[in-house]
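Biologist: I am new to this structure and would like to go through it step by step. Could you begin with the terms I will need?

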Amino acid sequence: MSRIGRQPVTIPQGVTVTVQGRKILVKGPKGELAWECVPYVQVAVKDGRVEVACERTDKQGKAVFGTTRSLIANMVQGVKEGYSKTLEIQGVGFRAALQGRKLVLTLGYSHPIEYIVPAGIDVKLAENNTIIVSGADKHLVGDVSARLRSFYPPEPYKGKGVRLKGEYVRRKVGKTVA
């Protein structure tokens, strides 16, 4: 079986984990998350720890076993500490503005891009060119960050675009005239 799946998830103080059949609810100071696991994986809360067990021993059963444990651990960490990603906007005239739950990006197109921030995600702006995406759900934070990056991915010639903080963009040499 999965080595990761066998490890129990310790529940920190201030976080409650409830199992109702296949549904797992995790509550903490940063929010509340729910997830429904597959039918052949059992989840139990014992002595302040979450233990995962799997009935199937085939390849898919082993994979889902470890994945279930990792998802529960991510939920526990998310409601306790939260997740965040930082995006940088680079380019002349490229900027971001926040209008309530709407993020308006000016990225060199003929029109501004308006993105409605989903519930459970908090977006903050540091200056006009740094976006901080944070929330309790790791998957949703990554999805929103990837969607914002996809509006103008960093290009290799001038380096303009939206990139993750610390992301390296391999630069190319442009055309030269003889």
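Modeller: Two strands count as paired if DSSP finds at least two bridges between them. Strands themselves are DSSP runs of at least two residues, numbered from the N terminus. Keep in mind that this is a predicted model.

Biologist: In S12, which residue is the bridge partner of Val123?

Modeller: S11 and S12 run antiparallel and are joined by 6 bridges. One of the bridges links Ile121 to Gly135 in S12. For Val123, the bridge partner in S12 is Val133.

Biologist: Which residue in the turn of the hairpin formed by S11 and S12 has a positive phi?

Modeller: There are 3 residues between S11 and S12 in this hairpin. A positive phi, of about 65°, is found in the turn at Glu127.

Biologist: Which are the edge strands of the open sheet of 4 strands?

Modeller: The order of the sheet is S11-S12-S7-S13, and the pairing is antiparallel. An edge strand pairs on one side only, and this applies to S11 and S13.

Biologist: What angle does the direction of H3 make with that of S7?

Modeller: Within the sheet, neighbouring strands are turned by 25° against each other on average, direction ignored. H3 packs on this sheet and touches S7, S11, S12 and S13. With the direction of S7, that of H3 makes an angle of about 5°.

Biologist: Is the pair of rings of Tyr109 and Tyr152 stacked or tilted?

Modeller: The rule for ring pairs gives a count of 3 aromatic pairs. For Tyr109 and Tyr152 the ring centres are 5.7 Å apart and the planes stand at 45°. Planes under 30 degrees apart would count as stacked and over 60 as edge-to-face, so the pair of Tyr109 and Tyr152 is tilted.

Biologist: How many residues apart are Tyr109 and Tyr152?

Modeller: Tyr109 is in the loop between S9 and S10, while Tyr152 is in the loop between H3 and S13. The pair links distant parts of the chain, and the separation is 43 residues.

Biologist: Is the pair of rings of Tyr115 and Phe151 tilted or edge-to-face?

Modeller: Tyr115 lies in strand S10 and Phe151 in the loop between H3 and S13, so their pair ties together parts 36 residues apart in sequence. Tyr115 is buried at 11% relative accessibility, whereas Phe151 is partly exposed at 22%. Their ring centres are 6.0 Å apart and the planes are at 65°, so the pair is edge-to-face.

Biologist: Which element supplies the largest share of the largest nonpolar core?

Modeller: The core has 22 residues, and Ile24 and Val26 touch the most other members. S3, S5, S6 and H2 each supply at least two of its residues. The largest share is 7 residues, and these come from H2.

Biologist: How many residues does the other core have?

Modeller: The other core lies apart from the largest one. Its members include Ala96, Leu103, Ile113 and Leu148, and its residues number 20.

Biologist: How far is the charged end of Arg56 from the centre of the ring of Tyr40?

Modeller: The charged end of Arg56 sits over the ring of Tyr40. A charge has to be within 6 Å of the ring centre for this. For Arg56, the distance to the centre is 4.2 Å.

Conventions. Residues are numbered from 1 along each chain as its sequence is written. This is a predicted model: local features need pLDDT of at least 70, side-chain atom pairs count only at pLDDT 80 or more; totals for chains, interfaces and linings use all residues. Side-chain values use heavy atoms; hydrogens and water are left out. Rings of Phe, Tyr and Trp (its six-membered ring) pair if their centres lie within 6.5 Å; planes under 30 degrees apart count as stacked, over 60 as edge-to-face and the rest as tilted. Buried means under 20% relative accessible area, exposed over 50%, partly exposed in between (1.4 Å probe, protein chains only). A charge sits over a ring if NZ of Lys or CZ of Arg is within 6 Å of the ring centre and within 35 degrees of the ring normal. Axes are lines fitted to C-alpha atoms, for helices over the stretch in contact, and angles run from 0 to 180 degrees between N-to-C directions. Contact means heavy atoms within 4.5 Å. A nonpolar core is a set of buried Ala, Val, Leu, Ile, Met, Phe, Trp, Tyr and Cys residues joined through side-chain atoms within 4.5 Å.
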